[in-house]
Amino acid sequence: PPRPGFLSVLLLIGAAIGVGAYPVVRRLTRRLEDLQGAVERFGNGDLGARAPVEGRDEVAALAARFNRSAQRISALLESQRIARSITDNLGGTGIFGVELFVKGDAVWFSEVSPRPHDTGLVTLVSQDLSEFALHARAILGLPIPAIRQRGPAASCAVLLEGSSSDVRFHGVGRALEEPDTQLRLFGKPEVQGRRRMGVTLALGTSIEQARDKARRAAAAIVAG
């Protein structure tokens with residue numbers, strides 16, 4: 001059987017390990033409690049709640065992901081509040097294009113157009129009812145029972161620079177090579193300086209992929 005002295009050494013080693021591990025366990029527990037507290041505060045309406053990001057472990061990665069999601073949600077809600085305030089005070093019927101600048105969870109108003117806007121052309125691929133269909137239904141007083149999303153989507157402006165009164169486009173076939181990619185050319189007859197002449201639209205498995213596809217399609221279009 002183990003001698004009493006040996007058992008005492010084992011107990012001392014166990015106690016030392018426990019004492020040494022306590023600060024680590026307590027720090028980890030505190031960080032998890034901070035993250036839980038931030039999630040609860042955000043869920044209770046404190047849209048500025050964020051979790052501290054400490055270190056580079058799984059808890060830090062989880063806190064960073066929560067903060068990014070909280071930023072996006074805060075920016076979306078603030079964008080909706082600003083857009084609703086503007087359109088409610090303008091009055092009228094139909095689609096209004098409200099352009100905003102977003103950085104993190106900060107939102108700034110840019111401009112408003114009392115009509116469907118080219119920045120809303122992404123709805124031609126992102127959902128079953130485009131901004132034009134919604135505009136017509138609103139003016140005609142027709143119901144909009146549901147708007148069905150088709151997945152992550154993005155658009156990219158086709159910008160031309162130069163001076164020409166006889167604009168012709170090349171690279172259309174290459175721009176449309178990838179699946180779920182579309183092109184809309186505005187039919188503007190001339191360009192003086194730098195002008196938005198069209199837009200590419202794309203669906204993807206994520207917003208990032210859709211953006212990349214739309215950018216590649218736009219880069220394929222050249223004027224000549």
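Reply: Arg196 counts as partly exposed, with a relative accessibility of 33%. Keep in mind that this is a predicted model. The Arg196 side chain meets that of Asp118 in a salt bridge, at 2.8 Å from N to O. The two partners sit in distant parts of the chain, 78 residues apart: Arg196 belongs to strand S6 (residues 191-203), while Asp118 is in the loop between strand S2 (106-113) and helix H3 (123-126). Asp118 is partly exposed too, at 22% relative accessibility. Buried would need a value under 20%, so the 22% of Asp118 puts that residue in the partly exposed class.

By the rule used here, with a side-chain nitrogen of Lys or Arg within 4 Å of a carboxyl oxygen of Asp or Glu, the count comes to eight salt bridges.

Another one to click on is Glu54 with Arg30, where the closest N and O atoms are 3.4 Å apart. Glu54 lies in the loop between helix H1 (4-43) and helix H2 (58-90), and Arg30 is in helix H1, so this pair ties together parts that are 24 residues apart in sequence. Both ends are partly exposed: Glu54 has 24% relative accessibility, and Arg30 has a relative accessible area of 30%.

Asp212 forms a salt bridge with Arg215, and their closest N and O atoms are 3.8 Å apart. These two are three residues apart in helix H6 (residues 207-220), so about one helical turn separates them. Asp212 is partly exposed with a relative accessible area of 35%, and Arg215 is partly exposed at 49%. Exposed would take a value over 50%, so Arg215 at 49% stays in the partly exposed class.

Now for the setting of these pairs. The protein has six helices and seven strands, running α-α-β-β-α-α-β-β-α-β-β-α-β from the N terminus on. Of its 224 residues, 27% count as buried. The accessible surface comes to about 14400 Å², and carbon and sulfur atoms hold 57% of that. On the contact side, take the contacts with a separation of 6 or more: residues 24 or more positions apart account for 53% of them.

Methods. Residues numbered from 1 in each chain as written. Predicted model: local features only at pLDDT ≥ 70, side-chain atom pairs only at ≥ 80, totals over all residues. Heavy atoms only, no water. Helix = DSSP H or I, 4+ residues; strand = E, 2+ residues; numbered from the N terminus. Buried < 20%, exposed > 50% of the residue type's maximum accessible area, 1.4 Å probe, protein only. Contact = heavy atoms within 4.5 Å. Areas by Shrake-Rupley, 256 points an atom, 1.4 Å probe, with all protein chains shown as cover.
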